[in-house]
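Here is a short briefing on one protein chain. Please look over the sequence and the model before reading the points.

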Amino acid sequence: MKPPNSPRANKIAAVLLIALLDGCSSQPISKNAPSERAYSPTRQAPPERGRTATPDLRPLAEPGNYRASSVSGDYAGYPALGRFIDDISQKHGFHREYLYGLFSQAKRKQWTLDYLAKSDQAMKGKPAKGGWSRYRAQFLDARHIDAGVAFWQKYRSSLQRASREYGVPAEYILGILAVETTFGGFVGNHRVIDALTTLAFDYQRRGEYFRGELENFLVMTRAEGLDPGKPVGSFAGAMGLGQFMPSSFLQWAVDFNGDGRRDLWNPEDAIGSVAHYFAEHGWQAGQPVVSAASGQPAADLETGFDSRYSLDKLTDAGLKPAESCSCDYPLSLLLLRHHDRDEYRLGHPNFYVITRYNHSTHYAMAVHELAQAIKSGYLRTAGGDGLG
Ligand SMILES: [Ca+2]
């Protein structure tokens, strides 16, 4: 584990995680703190079946060797956890003894709580001057771009198939995987059970959201035959190359390599899952993402990925699109603050789709710019073979 006070890790994590924490409950992703190696979950032999404690339908085995008559350890005596266990054992048919045993091993991550308390405070207020320059510099570099080109070469056929089936260009799938984990180089090193239990029961501001994710995590691990004590991810519980939260896994992960499992740590499944996520959130094939604009808009115009203006309104306010646009849909006005100037751009509906992955203008802009840079690099190495 890298030191949790690593400045770079903190900076990135702050921006990305707070976007998650402020987002709606469908938001899938958070940036992890870096890990030293990727986790590859291994499927366990299912434990024996046939327990007869209750006569209801319990077709799924409970992976991992967990059993206790009450919760001990860090989470002993948490009434909210007791209610949670009651709820999900009724709702999903988990044995209480299994959950008591599992949560007896869950660790309360004080570092995460301290870190979030500081980050919540630091993220208040308007974007700072130079904010975009600093954020961009963390991702738009040779390390991310070269890794993207190499990943494209290695998984060319899967990327081609995902683009064809879901209508999402390969470079945007790669942009996500680059920003999230540098293509699996940093998939997180926090046990997901610890991360989610801590945030579910000790982080009041988003406790309800994380209790939902904890429930989904238990449903996911049981369905996949994974010991819930094993997977690691970000300190918010996001997993795999694309940093899917458990709710996103259940809704949008796909088995893209056809081995019968949805595996967030498998590059091909990650490619298909990201493309599927974009398609389901309204990606429009062949449509623009961001366009440049010149001029200085009136000061009272709100900016950000969730602002919505007609092209006429923006033109009246003093902005000139760099290219002609027959945009008959709302555009968002994006403010990017460099060290020495402010820049405005126009976000098209596909830009908004990227923010469904992480509710942040900077995040989506970094994905877009990395997508373009990786595509240019790939085309150069392809020697004129074209995309695919
Ligand atoms: Ca698979």
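Predicted model: local features only at pLDDT ≥ 70, side-chain atom pairs only at ≥ 80, totals over all residues.

The protein chain has 388 residues, and 46% of them are buried.

**Overall fold**
- The secondary structure of the protein chain amounts to 15 helices and 6 strands.
- Take the contacts in the protein chain with a separation of 6 or more: 75% of these join residues 24 or more positions apart.

**Annotated site**
- An unreviewed UniProt entry carries the annotation "active site" for Glu180.
- Glu180 sits in helix H8, which spans residues 170-181.
- Is Glu180 buried or exposed? Glu180 is buried, because 30 other C-beta atoms lie within 10 Å and the cut-off for buried is 20 or more.

**Positive phi angles**
- Most residues other than glycine have a negative phi.
- Phe183 has a positive phi, near 60°.
- The position of Phe183 is the loop between H8 and strand S1 (190-191).
- Phe183 counts as buried because 22 other C-beta atoms lie within 10 Å.
- Gln243 also has a positive phi, near 55°, and is a residue other than glycine.
- Where is Gln243 placed? Gln243 belongs to the loop between strand S2 (232-233) and helix H11 (246-252).
- Gln243 has 32 C-beta neighbours inside 10 Å, so Gln243 is buried.

Key: Residues numbered from 1 in each chain as written. UniProt positions renumbered as here; feature names shortened; annotations may be inferred. Helix = DSSP H or I, 4+ residues; strand = E, 2+ residues; numbered from the N terminus. Buried ≥ 20, exposed ≤ 12 C-beta atoms within 10 Å, placed from the backbone. Contact = placed C-beta atoms within 7 Å.
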